[in-house]
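Here is a short report on one protein chain. It starts with the whole fold and then turns to two sites.

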Amino acid sequence: RFLSKRDRAIWMKEVENFQRLGPSCEHIIEYYRAWQEEGYFFVQMELCERGNLEDFLGALITQKLRVPERTIWSWASHIISALHHIHGANVIHLDVKPQNVFLDRNGCLKLGDLGLARDITSTSTDVVEGDSRYMAPELLNASNVTTAVDIFSLGIMLFQISSSEYTKNLPNTGKIWRELRQDVIPPIRSVYSKGLSNLICAMMASNPSRRPSAKALLSVDTI
């Protein structure tokens, strides 16, 4: 049930963004239809039986398990493919995070929740920020919003998955939060390759112009 006109507008915007993407890619949640009934707003989308990535990672932490590197590379390719499709439609997601990434029965990742997404060409400075833990530094300056913000968010998400220290407690403010946005990135687990570390650092570059695009990332051999 939507609580206000603004709440309803967010749901409507998400539906419009899904419709704008047209024929989607396999790594974006499939939208079917939406309708309003007796003060409630219903959106019918693809069912991902294994839930969202945040809960999945939480279960791994509880069991003291880590994600195999080959799985991290596979996951990265899934979300990069989704971002390539979204950015190709001139849309910026603005809220890439584990809670908005879903797993189907085969372990395929799918990006969802387009409620905060905006048009690349928009000149509006009224940007609704997503989760501060995954927020790119340039979002503090709303006039400089490009597709690179999504690359940063995915990069820090991969850092979180690969880290031994911050898998559970990625900061949302404070000294470490700032350092992660100033190219001061702690080492990931030693069992992971230098290639994975380099990928994460490139995606988390403090200067958005230094981050690779989704298209460029898809040309990386390991992706």
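The report below covers the overall chain, then a glycine, then a glutamate.

## Overall fold

The model is predicted. The protein chain holds seven helices and six strands. From the N terminus, the order of elements is α-β-β-α-α-β-β-β-β-α-α-α-α.

The radius of gyration is 17 Å, and a compact globule of 223 residues would have one near 17 Å, so the two agree. The C-alpha trace spans about 55 × 40 × 35 Å along its principal axes. Of the 223 residues, 46% count as buried. Among contacts with a separation of 6 or more, 67% link residues 24 or more positions apart. Accessible surface comes to about 11,400 Å². Carbon and sulfur atoms account for 49% of that surface.

## Gly 112

Gly 112 sits in the loop between strand E5 (109-111) and strand E6 (118-119). Its relative accessible area is 2%, so Gly 112 is buried.

Leaving out residues up to four places away in sequence, Gly 112 touches Phe 18, Ile 29, His 93, Asn 100 and Phe 102. Asn 100 is 12 residues from Gly 112 in sequence. In space, their C-alpha atoms are 5.4 Å apart.

## Glu 69

Glu 69 belongs to helix H3 (residues 69-88). This residue is buried yet has no salt bridge. Arg 66 has the nearest side chain of opposite charge, 7.2 Å away.

What joins the side chains of Glu 69 and Trp 73? A polar contact of 2.9 Å does. With residues up to four places away in sequence left out, Glu 69 touches Val 191, Tyr 192, Ser 193 and Leu 196.

Methods. Residues are numbered from 1 along each chain as its sequence is written. This is a predicted model: local features need pLDDT of at least 70, side-chain atom pairs count only at pLDDT 80 or more; totals for chains, interfaces and linings use all residues. Side-chain values use heavy atoms; hydrogens and water are left out. Helices (H or I, at least four residues) and strands (E, at least two) are DSSP runs, numbered from the N terminus. Buried means under 20% relative accessible area, exposed over 50%, partly exposed in between (1.4 Å probe, protein chains only). Contact means heavy atoms within 4.5 Å. Lys and Arg count as positive and Asp and Glu as negative; His and the chain ends are not counted. A salt bridge is a side-chain nitrogen of Lys or Arg within 4 Å of a carboxyl oxygen of Asp or Glu. A polar contact is a pair of N or O atoms within 3.5 Å; within protein, one must be able to donate a hydrogen and the other to accept it, and residues adjacent in sequence count only if both atoms are side-chain atoms. The radius of gyration is taken over C-alpha atoms; the globule rule is 2.2 Å times the number of residues to the power 0.38. Accessible areas come from the Shrake-Rupley method with a 1.4 Å probe; for residues, only the protein chains shown count as cover.
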